[in-house]
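Here is a two-chain entry to look over before reading on. The questions and answers that follow take up its parts in turn.

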Amino acid sequence: MDFIQNFPCISIILCLFAGIISSGLKDKAAMWLNAALLTVNTLLSAFTLTYTLSIGQPFVYVMGRFPAPWGNEIRAGALEALMALFFCVIMLLSLFGGRHKLVEEVEEGKTYLYYVLSDLLLSSLLALVYTNDMFTAYVFVEINTIAACGLIMIRQNGRTIEAAVRYMIMSLLGSGMLLLGLCMLYDLTGHLLMSNMKEAVALLVANNAYQIPLIVSIVLMSVGLCIKSALFPFHAWLPDAYGYSTVSSAAILSSLVSKGYIFLLIKIIYRVIGFDIYHDTRIVDILFLFGLMGMIFGSISAIRENDVRRMIAYSSVAQIGYIYMGFGMGTQVGMIASIFHILSHAATKSLLFIAAIGLTDVSGGSRKFIELTGSGYRNKWAGVAFTVGSLSMVGVPLFSGFISKLLFSQAAVQNHTKMLPALIVLGISTILNAIYFMKTVIRIYTPIGETAYTNVTFKDIPIYAAVLVAFIILNVVLGISSQPVVDIIQQGLSTFA
Amino acid sequence: MGANLFTNYGEAVAMLLFGIGFGNLLLQTNLIKKIIGLNIMDTAIYLFLAEKGYIVGRVAPIVTDGVQNMEAYINPIPSGLVLTGIVVSVSVSALMLSLTIRLYRRYHTLDLDEISKQLKKEGL
């Protein structure tokens with residue numbers, strides 16, 4: 001066994017230990033430990049990615065001495081390693097970009113708690129990505145929920161606590177359904193490891209036994225994860241949670257936490273149920289329908305919003321709709337488009353949240369559109385970054401959003417029954433996206449002459465500006481050289497079963 | 001169908017309880033009642049698991065009288081899952097209760113809709 005095969009396990013354990021150690025550290029020390037942890041994890045994930053690409057197949061790492069089907073396992077392939085790498089990079093950038101706001105908004109002497117929570121959040125995300133055991137996945141889903149709730153309410157005001165309560169309630173409904181579905185599937189198959197479950201499910205379907213319980217458990221798990229990742233009708237908690245928490249939390253929640261659940265759903269579809277069996281249950285049609293509705297209603301809510309942070313939050317609802325629409329196509333191509341959109345949305349949405357905070361800061365802290373007039377001139381870095389993020393979300397070539405829309409359209413054309421609704425809604429949603437994002441961009445670049453607000457230059461905000469530049473580069477790289485990424489996703493998916 | 005329901009009455013009761021808990025967590029506006037619903041929901045799942053792991057006429061797999069035969073014991077994995085699940089649900093309940101205390105100190109009510117109304121008035 002190569003030494004690199006230890007890396008996924010090491011990175012998860014490092015996060016857990018960093019979380020424990022941070023709880024006894026001072027604010028500054030916890031911050032540096034967290035930054036070091038994220039850097040190390042980025043490197044470890046990058047090594048794992050190159051290793052899995054070089055051996056061309058995933059590897060299984062046995063936790064403890066018990067082999068399958070009794071023991072616990074970690075499984076890492078190209079797709080998992082790519083996700084882990086991306087999660088670490090985005091989290092590192094989001095935390096650095098929002099650090100000055102965190103210091104402002106959280107009581108002094110309490111920010112170390114924020115880093116404890118983000119270490120735990122990263123451990124749960126990595127465990128969700130790598131684990132091969134369904135019950136381990138459930139436990140880490142709950143850790144993820146608790147850590148995310150902490151990230152929302154670390155900024156103490158009435159709004160954030162209420163948002164955290166609403167978030168917890170919806171999340172708990174979702175994880176209750178996930179747990180029940182998981183227990184039913186365990187009773188049907190007698191296994192908890194994904195690969196063994198899949199064999200047993202295939203046997204059940206071949207013998208035509210226990211069809212109704214099987215479908216019920218698939219539905220329960222899918223709906224549970226849809227609720228947790230804020231698919232359209234379950235998104236009521238989202239604008240408050242993203243809109244009022246501190247900016248790093250908003251960026252991490254929108255681009256990583258919901259994506260972790262979606263990735264778990266992908267794993268369930270491919271590695272537990274099997275793609276064809278999942279497709280035959282027709283649940284994909286329901287996901288497709290709600291994805292389309294989310295794309296339209298999320299955008300309409302965003303247009304009606306008068307608060308820039310909440311507008312970006314509602315835009316997330318629409319983007320989650322895109323991802324579920326890709327699932328709903330029921331084809332491999334649609335799945336690849338969805339996974340690429342997970343990456344592209346993560347890179348873009350965190351950029352938008354962090355850029356928006358720069359714009360509101362030079363507008364007296366107000367998030368109303370009228371106050372933002374001309375803020376693109378007062379903080380040039382944030383203005384440019386917000387424009388790049390908006391163009392990417394709308395789907396202008398050169399940026400990552402264009403590639404995901406291209407992949408979605410290609411997937412739609414290949415699916416004859418769903419082509420027409422998918423293309424029409426994709427078109428409408430793009431126009432709606434353009435309306436609210438371009439409205440904001442025009443607003444921030446409308447000159448208003450003399451104001452009471454001060455201008456900000458690079459010297460005042462060096463780290464913040466560097467983070468924005470890194471995000472812009474990430475977006476453009478994903479947009480220009482998307483083919484290698486798509487190839488990795490394709491290779492990962494083909495060895496995913 | 002009906003006969004199945006009767007022989008597996010434990011599972012049927014568990015599903016019923018799950019429904020009650022789920023409905024309470026979703027529909028009640030009082031936060032404490034919501035948390036009670038959450039606990040009923042989680043406990044229902046543990047009942048379901050315990051029912052599934054139990055095999056009539058067998059005992060827990062603790063070897064005392066030297067019987068090593070697998071046929072003498074129940075399936076211990078669901079019991080292990082229940083224990084893990086209990087730990088998770090305790091921590092989640094504690095978190096929810098602490099959030100409820102925070103909100104109550106601030107707004108002097110446990111009604112989530114009332115809290116939303118007061119927040120709108122604050123205009124935050």
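The expected span of a helix is 1.5 Å times one less than its number of residues. Helices (H or I, at least four residues) and strands (E, at least two) are DSSP runs, numbered from the N terminus. This is a predicted model, in which local features need pLDDT of at least 70 and side-chain atom pairs count only at pLDDT 80 or more, while totals for chains, interfaces and linings use all residues. Residues are numbered from 1 along each chain as its sequence is written, and chains are lettered from A and ligands numbered from 1 in the order in which they are written.

Q: How far does helix H5 (residues 111–130) of chain A reach from its first C-alpha to its last?
A: H5(A) has 20 residues, for which 28 Å is expected at 1.5 Å a residue.

Q: What is the radius of gyration of chain A?
A: Chain A has 21 helices and two strands. The radius of gyration is taken over C-alpha atoms, and the globule rule is 2.2 Å times the number of residues to the power 0.38. For 497 residues the rule gives 23 Å, and chain A comes close to that, so it is as compact as a globular protein of that length, with a radius of gyration of 22 Å.

Q: What is the radius of gyration of chain B?
A: Chain B comes to five helices and zero strands, and its C-alpha trace spans about 70 × 35 × 15 Å along its principal axes. Of its 124 residues, 21% count as buried. A compact globule of 124 residues would have a radius of gyration near 14 Å, but that of chain B is 21 Å.

Q: Which helix of chain B gives the most to the side that touches chain A?
A: Counting residues as in contact if their C-beta atoms, placed from the backbone, lie within 7 Å, 30 residues of chain B are in contact with 21 residues of chain A. Helices H2 (9–27), H3 (31–53), H4 (77–107) and H5 (112–122) of chain B each supply at least two residues of this side. The one that gives the most, with twelve residues, is H4(B).

Q: What arc do the buried residues of helix H21 (residues 482–494) of chain A cover around the axis?
A: The buried residues of H21(A) are Ser482(A), Ile489(A) and Gly492(A). They lie on the same side of H21(A), which follows from the arc they cover, only 95°. The arc is that of the directions from the helix axis to the C-beta atoms. The face turned away from this buried side carries the exposed residues Gln483(A) and Pro484(A), so the arc asked for is 95°.

Q: Does Ile320(A) count as buried or exposed?
A: Ile320(A) lies in helix H14 (residues 308–328) of chain A. Leaving out residues up to four places away in sequence, Ile320(A) touches Ser229(A), Ala230(A), Leu231(A), Ser258(A) and Gly294(A). With 30 other C-beta atoms within 10 Å, Ile320(A) is buried.

Q: In which loop is Leu398(A) found?
A: Leu398(A) is not a glycine, yet its phi is positive, at about 90°. It has 14 C-beta neighbours inside 10 Å and therefore counts as partly exposed. The loop is the one between helix H17 (380–394) and H18 of chain A.

Q: What is the phi of His108(B), about?
A: His108(B) is found in the loop between H4 and H5 of chain B. With 10 C-beta neighbours inside 10 Å, His108(B) counts as exposed. Although His108(B) is not a glycine, its phi is positive, at about 55°.

Notes: Two residues are in contact if their C-beta atoms, placed from the backbone, lie within 7 Å. A residue is buried if 20 or more other C-beta atoms lie within 10 Å of its own, exposed if 12 or fewer, and partly exposed in between; C-beta atoms are placed from the backbone.
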